[in-house]
Amino acid sequence: MSTAVSRFPHLRQDFAASLVVFLVALPLCVGVAVASGVPAELGLVTGIVGGLVTGLLPGSSLQVSGPAAGLTVLVFEAVDTYGLPALGVIVLAAGLLQLAMGALRLGRWFRAISISVVEGMLAGIGLVLIAGQLYAAAGLTAPASGVDKILGLPGAAADALGSTEALASLAVGAGTVAVMVLWRRMPGPAGVVPGALAAVLLATAVTLAFGVPVATVEVRGLVDAVQPPGADAFGSLGAGVLGTIVAFTLIASAESLFSAAAVDRLHDGPRTRYDKELMAQGAGNTVCGVLGALPMTAVIVRSSANVRAGARTKASRVLHGVWLLLFAALLPSALALIPLPALAGILVHAGWKLIPFRALAALWRSHRGEALILLVTAVSIVTVNMFEGVLIGLALSVVKTAWEASQAKLEVVDKGAGPIQVHLSGNATFLRLPKILDTLESLPQDRPVELDLTALHHVDHACHTALENWSARHSTPGTPPVKLTETPGTPATAPS
């Protein structure tokens with residue numbers, strides 16, 4: 001025993017933390033799988049791989065990986081479009097891409113993605129997730145698109161009000177959300193139990209005790225649920241699946257690495273090595289793809305629970321994978337007792353937490369441009385789709401950055417006699433060119449002009465060419481030439 005303690009000095013803390021993370025992860029793994037339209041056991045498989053594979057690899061020592069609510073909408077669309085056998089191929093390809101990006105040391109570049117785009121992505125996912133799970137909570141079938149899910153809610157509410165079974169199902173879902181919100185205020189030992197687990201256990205007990213007519217999780221068995229993709233799954237996919245693979249890769253990588261940055265702020269241990277963490281996520285997703293399971297990301301809920309529970313090393317996240325494996329192997333029939341509206345309630349709560357209300361309010365007060373990028377990204381994801389919505393957000397972010405970087409100041413000094421002096425400073429780019437040319441073209445043609453560019457930090461080719469062309473046009477025969485000074489002591493006079 002003393003030898004084990006000396007080799008693993010933090011084993012006691014890590015063991016206790018692993019149990020907490022297991023209890024947090026269990027209902028989330030099942031709920032994400034059901035919401036994604038795949039067998040519940042596949043969520044457990046991804047959680048197991050996240051613990052036993054990704055958990056053992058270097059990168060971020062205290063971050064916990066598994067199926068994430070942030071990928072639920074994308075997975076559901078992929079399964080609905082290409083079928084469940086194709087999911088393994090998509091996840092496998094995404095994992096291999098992550099491995100390649102990590103090997104090429106691209107992990108750190110994900111930190112360059114605008115926070116507003118990431119938060120807008122999560123907000124859009126949260127809105128679609130909430131809308132879809134409200135149908136599930138009532139036992140109704142949700143429409144396919146995000147817009148239809150939201151627009152169809154009034155009609156779904158009217159249908160639910162006319163059905164006793166739908167109202168009972170909604171009551172179970174609403175009760176689950178209420179328990180999760182209020183559970184953190186529980187005093188004494190009860191507060192140690194994770195709110196999601198407590199809510200599921202209470203919902204299960206109530207539905208069994210009172211015979212509430214609600215749907216429960218369909219159990220297929222771990223072996224039957226795991227279906228590695230065959231050759232036909234690879235051959236049936238066309239070029240259209242490439243966009244889905246890229247979306248899986250970028251979103252899973254961004255969510256994992258942003259989670260790593262957040263977890264680093266919660267503890268004083270070793271910092272995340274982003275390239276190695278990206279490779280660890282890639283290895284986990286590669287294994288998940290081979291097993292036909294859900295994709296994985298690092299999950300902030302489980303990771304923060306791991307840190308708060310006192311974890312000191314990666315042993316806690318590995319052990320949490322062991323407990324998930326034991327549960328899936330020994331107690332799979334227990335899943336059949338869990339009411340589906342309870343899982344829907346958990347995901348409604350998770351979707352609500354994905355929407356950054358406080359961050360949006362703070363951005364609106366200080367950086368309205370960033371707030372608009374967040375809103376446009378979220379709305380685009382709801383109205384178009386995940387991949388194109390993120391691309392729209394990234395494009396807006398780039399345009400905003402380019403616009404702000406091209407701050408050019410044009411100062412005209414006219415003393416009434418002698419040449420008109422024009423001083424251009426800052427960054428002259430094509431984005432500011434129309435305003436610059438409007439000012440220059442309004443200058444009188446019958447007086448000499450001295451155009452000083454020495455204070456410019458940067459001038460792009462389009463702007464430089466336009467300035468030279470203007471000076472040439474202004475210096476027509478019979479008028480004073482324009483004196484164009486580009487660097488101190490090196491004046492250039494345009495031909496007249």
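Biologist: Leaving aside neighbours within four places in sequence, which residues is Lys400 in contact with?
Modeller: This is a predicted model, and in it Lys400 has its place in helix 20. Once the neighbours within four places in sequence are set aside, the residues in contact with Lys400 are Gly369, Glu370 and Ile373.

Biologist: Does Lys400 count as buried or exposed, and at what relative accessibility?
Modeller: The word buried is kept for residues under 20% relative accessible area. Lys400 falls under that cut-off and therefore counts as buried, its relative accessibility being 18%.

Biologist: Which side chain does Lys400 meet in a salt bridge?
Modeller: A search of the whole structure finds 1 salt bridge. The pair links distant parts of the chain, with Lys400 in helix 20 (residues 386-405) and its partner in helix 19 (residues 368-383), 30 residues apart. Both members of the pair are buried. The distance from N to O is 3.0 Å, and the side chain that Lys400 meets is that of Glu370.

Biologist: Helix 19 also holds Val376, so to speak of the surface, which residues make the nonpolar patch with Val376?
Modeller: Val376 lies in helix 19, and at 33% relative accessibility this residue counts as partly exposed. The nonpolar surface patch to which Val376 belongs has an area of about 260 Å², and the other residues that make it are Val384, Ile392 and Leu396.

Biologist: Which residues form a positive surface patch?
Modeller: One member, Lys353, is found in helix 17, which covers residues 340-354. At 52% relative accessibility Lys353 counts as exposed, because exposed means over 50%. Together with Lys353, the residues that form the positive patch are Arg184, Arg185 and Arg308.

Biologist: How far apart do the centres of the positive and negative side chains lie in the protein?
Modeller: The protein has 30 positive side chains and 29 negative ones.

Biologist: Why does Thr54 count as buried?
Modeller: Thr54 is found in the loop between helix 3 (40-52) and strand 1 (65-66). Leaving aside neighbours within four places in sequence, Thr54 is in contact with Val49, Ser65, Ala280, Gln281, Gly284, Met296 and Arg317. Thr54 counts as buried because its relative accessibility is 1%.

Biologist: What share of the residues in the protein is buried?
Modeller: The protein has 22 helices and 7 strands, and its C-alpha atoms fill a box of roughly 100 × 65 × 55 Å, taken along the principal axes. The protein exposes about 22700 Å², of which carbon and sulfur atoms supply 67%. Among the 496 residues, the buried ones make up 48%.

Biologist: What distance separates the C-alpha atoms of Glu411 and Val200?
Modeller: Glu411 lies in strand 3 (residues 408-413) and is partly exposed, with a relative accessible area of 41%. Leaving aside neighbours within four places in sequence, Glu411 is in contact with Gln421, Val422 and His423. Val200, by contrast, is 211 residues away along the chain, and the C-alpha atoms of Glu411 and Val200 are separated by 67 Å.

Biologist: How many Å apart in space are Asp452 and Leu410, C-alpha to C-alpha?
Modeller: Asp452 lies in strand 5 (residues 449-459). Leaving aside neighbours within four places in sequence, the residues in contact with Asp452 are Val422, His423, Leu424 and Thr485. Asp452 and Leu410 are 42 residues apart in sequence, and their C-alpha atoms are apart in space by 10.0 Å.

Biologist: In which loop does Arg105 lie?
Modeller: The phi angle of Arg105 is near 60°, which is a positive value in a residue other than glycine. As for its place in the chain, Arg105 lies in the loop between helix 5 (84-103) and helix 6 (115-137).

Methods. Residues numbered from 1 in each chain as written. Predicted model: local features only at pLDDT ≥ 70, side-chain atom pairs only at ≥ 80, totals over all residues. Heavy atoms only, no water. Helix = DSSP H or I, 4+ residues; strand = E, 2+ residues; numbered from the N terminus. Buried < 20%, exposed > 50% of the residue type's maximum accessible area, 1.4 Å probe, protein only. Contact = heavy atoms within 4.5 Å. Patch = residues over 30% accessible without salt bridge, like charges linked within 9 Å, V, L, I, M, F, W, Y side chains within 5 Å. Areas by Shrake-Rupley, 256 points an atom, 1.4 Å probe, with all protein chains shown as cover. Salt bridge = Lys/Arg side-chain N within 4 Å of Asp/Glu carboxyl O. Lys, Arg positive; Asp, Glu negative; His and termini not counted. Charge placed at Lys NZ, Arg CZ, Asp CG, Glu CD.
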